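Welcome, and thanks for taking a look at this one with me. Please open the sequence and the structure side by side, and we will walk through them together.

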Amino acid sequence: MKADITVDTKGMACPMPIVKAKKALDGLQAGQTMEVLSTDKGSLNDFQAWVKQTNNELVQTEVENGVYKFLVKKG
């Protein structure tokens, strides 16, 4: 699935990946997707908790060479 927007938060520590993702997601329409790239190990739990608190969906999560990739669909 191709993301409508990519947010690169590599090198940033908690809570910045979530802060940047929320700001970017606010600019999307319902149903659009956002890819977030992060190197923060804690971001895995952070994103899972964040989408539960919001009306969004964590479509895909993968780790490649120490980079976490999250695909979030705006609810």
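This is a predicted model: local features need pLDDT of at least 70, side-chain atom pairs count only at pLDDT 80 or more; totals for chains, interfaces and linings use all residues.

Which residues of α1 are buried? Helix α1 spans residues 16-26, and its buried residues are P17, I18, A21, A24 and L25. They share one side of α1 because the arc they cover around the axis is only 130°. The cover over these buried residues includes strand β1 (5-8), strand β2 (33-38), helix α2 (43-53) and strand β4 (67-73).

In α2, the buried residues are S43, F47, W50 and V51. Their arc around the axis is only 95°, so they sit on the same side of α2. The other side of α2 carries N45, K52 and Q53, which are exposed.

What do the buried residues of α2 pack against? Their partners are α1, β2, β3 and β4.

## The chain as a whole

Stepping back, the protein chain holds two helices and four strands. Read from the N terminus, their order is β-α-β-α-β-β.

For a chain of 75 residues, a compact globule would have a radius of gyration near 11 Å, and the value for this chain is 11 Å, which agrees. Along the principal axes, the C-alpha atoms fill a box of roughly 30 × 25 × 15 Å. Of the contacts with a separation of 6 or more, 65% are between residues 24 or more positions apart.

## Surface and charge

How much of the chain is buried? Buried residues account for 35% of the 75 residues. The chain exposes about 4,500 Å², and 49% of that area comes from carbon and sulfur atoms.

As for charge, there are 10 positive and 9 negative side chains. The centres of these two sets lie 4 Å apart.

## A closer look at K69

K69 belongs to strand β4. Is this residue buried or partly exposed? Its relative accessibility is 23%, so K69 counts as partly exposed; the cut-off for buried is under 20%.

Leaving aside residues up to four places away in sequence, K69 touches E35, V36, L37, Q60, T61, E62 and E64.

## Two backbone details

Where is the cis peptide bond? It joins C14 and P15, with omega at about 10°. P15 lies in the loop between β1 and α1.

The other spot is N65, in the loop between β3 (57-64) and β4. The phi of N65 is near 55°, a positive value in a residue other than glycine. N65 is also exposed, because its relative accessible area is 77%.

Conventions: Residues are numbered from 1 along each chain as its sequence is written. Side-chain values use heavy atoms; hydrogens and water are left out. The radius of gyration is taken over C-alpha atoms; the globule rule is 2.2 Å times the number of residues to the power 0.38. Buried means under 20% relative accessible area, exposed over 50%, partly exposed in between (1.4 Å probe, protein chains only). Contact means heavy atoms within 4.5 Å. Accessible areas come from the Shrake-Rupley method with a 1.4 Å probe; for residues, only the protein chains shown count as cover. Lys and Arg count as positive and Asp and Glu as negative; His and the chain ends are not counted. The place of a charge is taken as NZ of Lys, CZ of Arg, CG of Asp or CD of Glu. The arc is that of the directions from the helix axis to the C-beta atoms.
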